[in-house]
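The following exercises concern local features that can be checked in a coordinate file. Work through each task before reading its solution.

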Amino acid sequence: MATDSRHSPETYGLIVGAGSGIRFGRSKAFFTWQGEPLIASAARPFLRSSRIDGIVLVVRTEDLAAAQELAATFPKPTLVVQGGASRSASVRQGLAVLPERVRRVAIHDAARPRVSQRLLARLLEAGGPCVIPCLPLHDALHRDPASGGGSVPRDGIWRVQTPQVFDRDLLERAHLGEPEAADDGELAMRLGAPVTYVDGEEENIKVTTPDDLARLGRGSLGMRVGHGFDVHRLETGHRLVVAGVEIPAERGAVGHSDADVVCHALMDALLGAAGLPDIGHYFPPGDPAYAGADSVKLLRQVVATLRAEGLRVGNADCTIVLERPKVGPHRDRMRAILAEALGVESGAVSVKATTAEGLGPLGSGDGVAAWAVATLYDV
């Protein structure tokens, strides 16, 4: 867990993910979605926001080790604490470990992995001791016949979301006596605190049942697809580096960097999906800074650029055209290297190889080529 000396007072995000997930069928916080745990996706906008100074992850006892590992990868100070028997109790556990200098707290459910940075900024900019995102209710409401039946007027009824932003002193007063509530806004209102409502977002879906996972694929998050291609001449006296693996060969690829054809094609696919310039813009071929450069490191830089744009990798599919030597024995290692650079699981990366059946320069063994397709998701 990281610490640093930042300005005071500070604002922390408190991500609550200690529930058992009864309706979901299992705990949700560390359920893998788009290559990472839901709690990591939920924390992403907090990590990017210049207004958030640190994070607290509140998790089940069984998830403490995994949460510590995750926290170690975060670029901001991150504390991990064991949750309580209820949501309200878990929030109190998180409050108890906040540094004294923290004066505002943004509480968010780990089961809402698609909160946008725009919504978080809107909440933080709104001001006031209690700020809550909400949405209008469009569906008609009926009471259960066992409760008397009949319709319920929906005027003045809103759907409430998280994150919810509070002054720390209000939040601590609201939790005195260990009360229970559906959310912290309810506790603040019991004290008569003024509430500022801001527009929520339909895409800020809470995962409650397995059916909600299908809904996560819709809305403005969307999927962006990019395609990349690269080719290099093969000559003696050069290394043959493919997808981060140096393969023993009589001839290697000629290029300004290490001429890793897969990484180059994949970088262009990623940048294309993001609508950004190609790799020549970011790593000019005549720039001495990139002479002999490790293309996997360049790939990591591209991924960092995408994250700064509010995008992350979904999956990657790469096809190599190489007459010889065989790529198959190195495929698993290639997938692992690419997955690590992309920040996804190995299962989200495919590396395939074929030959050109003796046709043209590729078929004669004079070159190596690669095609790559990649998907990105907005955060």
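**Exercise 1. Cysteines**

Solution. The criterion for a disulfide is a pair of cysteine sulfur atoms within 2.5 Å. Next, take C134: its sulfur is 11 Å from the closest cysteine sulfur, that of C130, again too far for a bond. The count for the structure is 0 disulfides.

A note on the basis of these values: this is a predicted model, in which local features need pLDDT of at least 70 and side-chain atom pairs count only at pLDDT 80 or more, while totals for chains, interfaces and linings use all residues. Residues are numbered from 1 along each chain as its sequence is written, and side-chain values use heavy atoms, with hydrogens and water left out.

Now classify the two cysteines by accessibility, where buried means under 20% relative accessible area, exposed over 50%, and partly exposed in between (1.4 Å probe, protein chains only). C263 has a relative accessible area of 0% and is buried. C134, at 8%, is buried as well.

**Exercise 2. A strand residue and its surroundings**

Task: State which element holds T375, and which side chain is joined to that of T375 by a polar contact.

Solution. First, locate the residue: T375 belongs to strand β19, residues 367-378. Helices (H or I, at least four residues) and strands (E, at least two) are DSSP runs, numbered from the N terminus. Third, identify the partner: the side chains of T375 and N315 form a polar contact of 2.6 Å. Such a contact is a pair of N or O atoms within 3.5 Å; within protein, one must be able to donate a hydrogen and the other to accept it, and residues adjacent in sequence count only if both atoms are side-chain atoms. Fourth, list the neighbours. With those within four places in sequence set aside, T375 is in contact (heavy atoms within 4.5 Å) with M223, R224, V225, R312, V313, G314 and N315.

**Exercise 3. Salt bridges**

Task: For the pair R190 and E186, find the N to O distance and the separation along the helix.

Solution. A salt bridge requires a side-chain nitrogen of Lys or Arg within 4 Å of a carboxyl oxygen of Asp or Glu. The whole structure contains 22 salt bridges.

- R190 and E186 are bridged at 2.7 Å, N to O. Both lie in helix α6 (residues 184-190), 4 residues apart, so about one helical turn separates them. R190 is partly exposed at 48% relative accessibility, and E186 is partly exposed at 29%.
- R300 and E340 are bridged at 2.9 Å, N to O. This pair links distant parts of the chain, since R300 is in helix α10 (residues 295-308) and E340 in helix α11 (residues 331-342), 40 residues apart. R300 is partly exposed at 36%, as is E340 at 48%.
- One network, built from salt bridges that share partners, joins R87, D109, R112, D184 and K206. Within it, the closest N and O atoms of R112 and D109 are 3.9 Å apart. Both R112 and D109 are buried.

**Exercise 4. Backbone geometry in loops**

Task: Decide whether the peptide bond from T162 to P163 is cis or trans, and whether E178 is buried or exposed.

Solution. Begin with omega. The bond from T162 to P163 is cis, with omega near 10 degrees, and P163 sits in the loop between β10 (158-160) and β11 (164-167). The bond from R324 to P325 is also cis, with omega near 0 degrees; P325 is in the loop between β17 (311-321) and α11.

Turn then to phi. E178, although not a glycine, has a positive phi of about 55 degrees. E178 falls in the loop between α5 (168-174) and α6 and is exposed, at 59% relative accessible area. A259 is likewise not a glycine and has a positive phi of about 60 degrees. A259 occupies the loop between β16 (252-253) and α8 (261-274), but is buried, at 1%.
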